[in-house]
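Q: Please take a close look at one part of this structure, starting from a single side chain and moving on to the helices. What can be said about it?

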Amino acid sequence: MQLNGEAIFILLLKEICDSFLIKQYGCDVRLKLNEFTKSFYVKNLLEEIDIIFKVPFYAILNSKAAEFLLVYYPVYNYASENFLEALIDHLVIEIANCVAYVTLVNFSFLYSFRQTLYRSKFLSLRNFEQFKNNLIWQVRIKIYIQRPTSFYSSSYRLFLLRTTGIYTRTIYANRPQYFNSLTKFPLFVVTIVELKDFIGSRFDELVYFLSKGLRFILTSVLGQFIGLVWRGIREGLKK
């Protein structure tokens, strides 16, 4: 089932990408399947094929599907229409991201490609390559830092389509199978996050302890000292 889901997703990407290129260039431009399977963005997206692609369609067929509840229960007991809309929005945007990434990598050297799709500032190969490198850098940050952190936090960030633009929303998502499969740098990131949480908690405790000690000094020791001084002043005034 997992392999079928991946195969369907790859074919869907290919059809959408081919349609996009044909519409832009007016001629039959088609990419091979291996252009998608070897894409860095697509390969890493396939690791989350369940939550991105399969779970939304299971939820459409059954709002209380076991696959849906396995990820979102107990925060979400069933897939409401609004929640399904959010999942489909996210799927559409991720497909668009895949198509954009693949076309950027494969056609960035073509001036006609930049001339057709992008603003005038990206007609320069230098500016375009800078944009592409920034995009690749952001993708790596997402994959190696943000994603393992979301696994550890049992959270998932959805992209939502609105009339005023694209927004993000963080929701609960239980994905222990992904967390248990982390290795190397992503696992190191999780370790750093855990260490940060531990140190942060101890620091909060230290600040709380010091604040209590300072309050005791101010109210007890210093307060009594001020009281004695004030009493002495009053006695002196009486004389």
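**From a side chain to the helices**

A: The side chain of Thr 103 reaches the backbone oxygen of Ala 100 at 3.0 Å. This is a predicted model. A second contact involves Val 99, whose backbone oxygen lies 2.8 Å from a polar atom of the Thr 103 side chain. Thr 103 sits in helix α6, which covers residues 81-107. Its relative accessible area is 2%, so Thr 103 counts as buried, the cut-off being under 20%.

Next comes helix α8. This helix spans residues 125-153 and has 29 residues. From its first C-alpha to its last it reaches 40 Å, close to the 42 Å expected at 1.5 Å a residue. At Lys 142, α8 bends by about 35°. Buried residues of α8 include Val 139 and Ile 143, and Phe 128, Lys 132, Arg 147, Pro 148, Ser 150 and Phe 151 are buried as well. After α8 comes Ser 154, with a positive phi near 55°.

On the surface, a nonpolar patch is formed by Tyr 144, Ile 145, Phe 185, Phe 188, Ile 192, Leu 195, Phe 198 and Ile 199. Together these residues have about 750 Å² of accessible area. Helices α8 and α10 (184-238) each supply at least two residues of the patch, and the largest share, 6 residues, comes from α10. One of the patch residues, Leu 195, lies in helix α10. Its relative accessibility is 45%, so Leu 195 counts as partly exposed, a class that lies between 20% and 50%.

Key
Residues are numbered from 1 along each chain as its sequence is written. This is a predicted model: local features need pLDDT of at least 70, side-chain atom pairs count only at pLDDT 80 or more; totals for chains, interfaces and linings use all residues. Side-chain values use heavy atoms; hydrogens and water are left out. Helices (H or I, at least four residues) and strands (E, at least two) are DSSP runs, numbered from the N terminus. Buried means under 20% relative accessible area, exposed over 50%, partly exposed in between (1.4 Å probe, protein chains only). A polar contact is a pair of N or O atoms within 3.5 Å; within protein, one must be able to donate a hydrogen and the other to accept it, and residues adjacent in sequence count only if both atoms are side-chain atoms. The expected span of a helix is 1.5 Å times one less than its number of residues. The bend at a residue is the angle between axes fitted to the seven residues ending there and the seven starting there. Patches are made of residues with over 30% relative accessible area and no salt bridge: like charges are joined within 9 Å, nonpolar side chains (Val, Leu, Ile, Met, Phe, Trp, Tyr) within 5 Å. Accessible areas come from the Shrake-Rupley method with a 1.4 Å probe; for residues, only the protein chains shown count as cover. A salt bridge is a side-chain nitrogen of Lys or Arg within 4 Å of a carboxyl oxygen of Asp or Glu.
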